[in-house]
Amino acid sequence: MIELTSGTQMPEIGFGTGSATTEAMVSALHAGYRLLDTAQMYGNEAEVGDAVRLSGVDRAEVFVATKLNNGNHDPVAVRETFAKSLETLGFDYVDLFLMHWPMPMLDVDYVDTFKAMLQLTEDGRARAVGVSNFTPAQLERLIDATGETPAVNQVEMHPYFPNDEVRSFCRESGIVVQAWSPLARTDQFGDAVLTGIAQRLGVSTAQVMLRWHLQRGVVAIPKSNSPERIAMNRDIYSFELGEADMAAITALDKGEDGRRGGHPDTFTG
Ligand SMILES: NC(=O)c1ccc[n+]([C@@H]2O[C@H](COP(=O)([O-])OP(=O)(O)OC[C@H]3O[C@@H](n4cnc5c(N)ncnc54)[C@H](OP(=O)(O)O)[C@@H]3O)[C@@H](O)[C@H]2O)c1
């Protein structure tokens, strides 16, 4: 478990529910995952709530995170849509509420959006609040303006895009980093460095990538609809990557060319 600045504990690997089926979410809970990552944008908060109830796992044992959609940055919309998220999930609190994208081009300043999100922690309906897809400059501005540090920054991260500038800033500021697309949606499974390490260690390329995240102190949230792959992605504690392997993977960095998703300065969703 990893302790957030809010004092709450977060598992060190999670399950990404974007485009996951309810069956896959239940399967993940049965395989031992205790962190489910959803978002207003995914339109699956009802399924996430159902999956927790269907699994038989106690709600209190599951760390549930959802995210504010890009059209909901106005402080009134923050409050209204957060209440709607809780209703759709069927829960009276979430463990983490993230701002999905900074959206600096909006008339509403993300500082004001974050202030409204912070208020949701006051009555415990959000146990912690954080952001997603924030650059160091945006994080710095947010922290300076609010005096509060987001508990988490969830960003794109995989071997071709280690996003080390963000990771370093977050580590220095006490912000826990979560990696989205931690498997780069399978695009790097043919990479010779990754497959070479996987073959030598007798594990899959996916497991090598997820172990790399874990050893970097990053919380990966892989998605899969296959029970076998769901179990495999959590089975990363029986081997270790040596320093040379860690460095070789990080050296696959392609800079901005490695980025698959939008840029935080310009992405409008
Ligand atoms: N904050 C953001 O802006 C943001 C953006 C994107 C995603 N996310 C979150 O991050 C989560 C994960 O990201 P992602 O879904 O983009 O990418 P990902 O987890 O890197 O990759 C998912 C893909 O990999 C396949 N896969 C998973 N495990 C595998 C394995 N062991 N072997 C072979 N293939 C495997 C899955 O196929 P199968 O299902 O067929 O196994 C799926 O096609 C999302 O679900 C979402 O919760 C957040």
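1. Y42 touches T17, G18, D37, K67 and H100, where residues up to four places away in sequence are not counted and contact means heavy atoms within 4.5 Å. The model is a predicted one, in which local features need pLDDT of at least 70 and side-chain atom pairs count only at pLDDT 80 or more, while totals for chains, interfaces and linings use all residues. Residues are numbered from 1 along each chain as its sequence is written, and side-chain values use heavy atoms, with hydrogens and water left out.

2. UniProt, in an unreviewed entry, places the feature "active site" at Y42; UniProt positions are given in the numbering used here, feature names are shortened, and annotations may be inferred rather than shown by experiment. Y42 lies in the loop between β4 (35-37) and α2 (45-55), where helices (H or I, at least four residues) and strands (E, at least two) are DSSP runs numbered from the N terminus. Y42 counts as partly exposed because its relative accessibility is 31%, given that buried means under 20% relative accessible area, exposed over 50%, and partly exposed in between (1.4 Å probe, protein chains only).

3. The count of aromatic pairs comes to five, with rings of Phe, Tyr and Trp (its six-membered ring) pairing if their centres lie within 6.5 Å, and planes under 30 degrees apart counting as stacked, over 60 as edge-to-face and the rest as tilted. One of these is the tilted pair of F82 and F97, at 4.7 Å centre to centre and with 55° between the planes. Because F82 lies in helix α3 (residues 75-89) and F97 in strand β6 (residues 96-99), the pair ties together parts that are 15 residues apart in sequence. Both F82 and F97 are buried.

4. Y110 and F134 form an edge-to-face aromatic pair, 5.1 Å centre to centre and with 75° between the planes. This pair links distant parts of the chain, 24 residues apart, with Y110 in helix α4 (residues 110-119) and F134 in the loop between β7 (129-132) and α5 (136-146). Y110 and F134 are both buried.

5. The charged end of R127 sits over the ring of Y93, 3.7 Å from its centre, a term that requires NZ of Lys or CZ of Arg to be within 6 Å of the ring centre and within 35 degrees of the ring normal. K254, in turn, lies over the face of Y160, at 4.4 Å from the ring centre.

6. A184 is placed in the loop between β9 (176-180) and α7 (192-201), and A184 is buried, with a relative accessible area of 0%.
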